[in-house]
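Hi,

Here is the structure I promised to pass on. Have a look at it first, and then read my notes below.

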Amino acid sequence: MAAGRFVVIVRFLVCLLLACRCCYGLQVCIVGSGMGGASAAFFLRNYSTAPLDIDIFEQNDKVGGRMAVVELAGDTFEAGASILHPKNLHAVNFVNLLGLKPRSDPDDEGFGIWNGSKFVFKTANAGDSFISKITTQILNTLAVMWRYGTSLWSMQNYVSDLLEKFLLLYQEGRPGFETVEELLKSVDLYESTQYPVQELLVKYGLSNLIIDELVTFIMRINYGQNVSISGMAGGVSLCGSGGDLWAVEGGNWQIPEGLIRYTNASLHLKSRVVSVTLEDSGYIVELESGGTKACDTVILATSLDESKIEINPKVKLPQRSMQHTYTTFIRGLLNAEYFGMSSDTIPDLIGTVEDPAIPFSSINVLKEYSVSDKAYKAFSRAPLSDELLDKFFSTRSSTIRIDWAAYPHYTPPEKFAPYILDGHHLYYVNAFENAASSIETSAVSAQNVVRILLSRLLHGNLEQPKLSSVAGLIKDGTVEDL
Ligand SMILES: Cc1cc2nc3c(=O)[nH]c(=O)nc-3n(C[C@H](O)[C@H](O)[C@H](O)COP(=O)(O)OP(=O)(O)OC[C@H]3O[C@@H](n4cnc5c(N)ncnc54)[C@H](O)[C@@H]3O)c2cc1C
C-alpha cells in the first residue's frame, strides 16, 4: 500500500517536471483532412514515442480536400488530383499499407496542341487491338521526336535531375527544417523555385518550339498556368506528363481516408475552424458551430489564402493567390467540326498553347460509351458557359462544374511562409505549396512538420519510425515497382 502511494507520488512529480507531456496524451489539433492533414496524423503516430491525442477538423462532410471524385451520369471520375508518379514514394507506401489497389493511367491516348484555329501538332488515337496500340505508340513517338528532336532528351534530363534531388527528401533520419527554404536547400532544390521554368529549360538546351508548344501544353493542363511558373513547380508538372502514371482504383481520396482511420485520430466532419488563438497553456481552436477545443499544438493543413481562419495574435504571411481551375465534366459528344476534324480523328486529349483568346486549357475523353456518347473533362481558367460549351459539343446530356482554388498562382522568385507561424506551436503544412502543389509534396511537407513539432515539443524525442519507411522502396538506387 505504502509502495503504491510512493509510485503515485513519484509519477506526479515526474509529471510536473516534464510539464505532463509524457503522462497524458499531447493534444494535437489538425485543421484539414486532405493529404496534408492525413499524412501529418500518420507521421505523428509513426514517429512519436509519447501518447498523442489527435483531432482532425474538416469543414466538409467528407475527407480528402482536393482529392475528390465526381459522379457523372452514373460513373465516378477523379474531380481533383487524379494522377500519381511512380516515384511518389509516400503515396506508394500508403497504398501498400492500406491495401488499396493501384491502377495505371492509360498513356496511349492521342493528343493535339490547339492554337485557337488549328492543331499545331497532333498524334493519333490508338485503336482497341493490341497491334493497333503498339503501332500507334511507335508512330506517335516517332512523330514527337521528329517535331521536337533532341529537346525531348533535354526535357527528360531536366526532370531526371529534379527527381534525383527530390528522392533525397525520403532519407530516414533527416531533421525537421523550420523553413521551406532550408528544407529545399538541403536537397539543392531551392534555386529552382526562384526562376521561371522557361528560363531553366532554355539553359538545359530546350528549343523555343518545344517550350511554346509541348511544355506550355503540359503546364496549362497540370497547373492551369504557363511557362512563367517556377522551375520546381514546372518540373513537378512535367513529371505528371510522363509514362507509368497511376491512380487508386475507386478514387485517390481513399488514401487520406485510410490514413485517418489507420491513425485512429478523432475526425470531426462539418467542423469549420474559424479561429486559432494562442493562450498561456496552448491554443483554443474555435469552430463555426460555436464549439471550442483546447490544443497543445495546432497543425494547419490547408492553404490559408482562401480559408479565412483568424489567427490570434495575427501572423504576417507573404502574399499568395490561388489559381482557380474550373473543372467541367460533360457527357455527350465533342463537336469535331469546331476543331476542323472528323469525330474519329479528333485527339482524345486536346491541350492548348498560351493565348488568352482560347477559353479552355484542355479537354480530354474520360470514357467512351459509344462513338457518339463519351464522358469528358475540361479545364479552364474561367467558367465555361452553356453557350460556349454548345460551341465545342454537338450533344451534351449532363454537365457538372467545379470551381477549385486549385494551387498557388506561381510567381517566381517564390517567397515562403514559415513552417512555424507564430514562433510557438502553430504549424503550417501548406507553406510548401509555393514550391509545388501535389499529393506527394503535401505528404513530404507534413512529414517535415511532424519532425519539427516532435523535436520541439518532445525535446528531440523522435523514435525510429514504427513502420517500414519509404527508404525501403529504394533498392540499389532504383525505386521498386508498385
Ligand atoms: C483540379 C486539380 C487537379 C489536380 N491534379 C493533381 C494530380 O493529378 N496529382 C497531384 O499529385 N496533385 C494534383 N492536384 C493538387 C493536389 O490536389 C493538392 O496539392 C493536394 O491534394 C493538397 O492537399 P492538402 O491536404 O494540402 O490540401 P487540401 O486537399 O485542400 O485539404 C485541405 C482541407 O482542409 C479543409 N479546410 C479548409 N479550411 C478549413 C477550415 N477553416 N476548417 C476546417 N477544415 C478546413 C478543406 O475542406 C480540405 O478538405 C490537383 C489539384 C486540383 C484542384
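What covers the buried residues of α9? The cover includes α5 (151-167), α7 (197-203) and α8. Before I go on, some housekeeping. This is a predicted model, where local features need pLDDT of at least 70 and side-chain atom pairs count only at pLDDT 80 or more, while totals for chains, interfaces and linings use all residues. Residues are numbered from 1 along each chain as its sequence is written.

A residue is buried if 20 or more other C-beta atoms lie within 10 Å of its own, exposed if 12 or fewer, and partly exposed in between, with C-beta atoms placed from the backbone. Two residues are in contact if their C-beta atoms, placed from the backbone in the same way, lie within 7 Å. Helices (H or I, at least four residues) and strands (E, at least two) are DSSP runs, numbered from the N terminus.

**The overall picture**

The chain has 13 helices and 22 strands. Of its 482 residues, 42% count as buried. If you take the contacts with a separation of 6 or more, residues 24 or more positions apart account for 73% of them.

**α9 and its partner α8**

Back to α9 (residues 231-239): nine of its nine residues are buried. Among them are Gly231, Met232, Val236 and Cys239. The axes of α8 and α9 come within 9 Å and cross at roughly 90°. (Axes are lines fitted to C-alpha atoms, for helices over the stretch in contact, and angles run from 0 to 180 degrees between N-to-C directions.) That makes α8 roughly perpendicular to α9, a label for angles of 65 to 115 degrees; under 35 counts as roughly parallel, over 145 as roughly antiparallel, and the rest as oblique. On the α8 side, Ile218, Met219, Asn222 and Tyr223 make the contact, and they meet Ala233, Gly234, Ser237 and Leu238 of α9.

**The core**

A nonpolar core is a set of buried Ala, Val, Leu, Ile, Met, Phe, Trp, Tyr and Cys residues joined through C-beta atoms within 7 Å. The largest one here has 115 residues, and those with the most contacts inside it are Ile30, Ala40, Ala41, Ile299 and Val429. Which helix gives the most to this core? Helix α8 (residues 208-223) does, with nine residues. The core also draws at least three residues from each of domain 1 (25-64 + 251-320 + 413-479) and domain 2 (70-168 + 189-249 + 321-408); these bounds come from an automatic or database domain assignment. As for Ile299, its contacts beyond four places in sequence are Val28, Ile30, Ala40, Tyr427, Val429 and Val449.

**Two sheets**

Two strands pair if DSSP finds at least two bridges between them.

β10 (residues 273-279) and β11 (residues 282-287) are antiparallel over six bridges, and Val273 has Leu287 as its bridge partner.

**Two loop residues**

Is Gly34 buried or exposed? Gly34, in the loop between β1 and α2, counts as buried because 28 C-beta neighbours lie inside 10 Å. Its contacts beyond four places in sequence include Gly64, Arg66, Pro256 and Ser442.

Ser321 lies in the loop between β14 (310-312) and β15 (322-334). Ser321 is exposed, because it has 11 other C-beta atoms within 10 Å. Leaving out residues up to four places away in sequence, Ser321 touches Asp305 and His409. Ser321 and His409 are 88 residues apart in sequence, yet 5.7 Å apart in space, C-alpha to C-alpha.

Cheers
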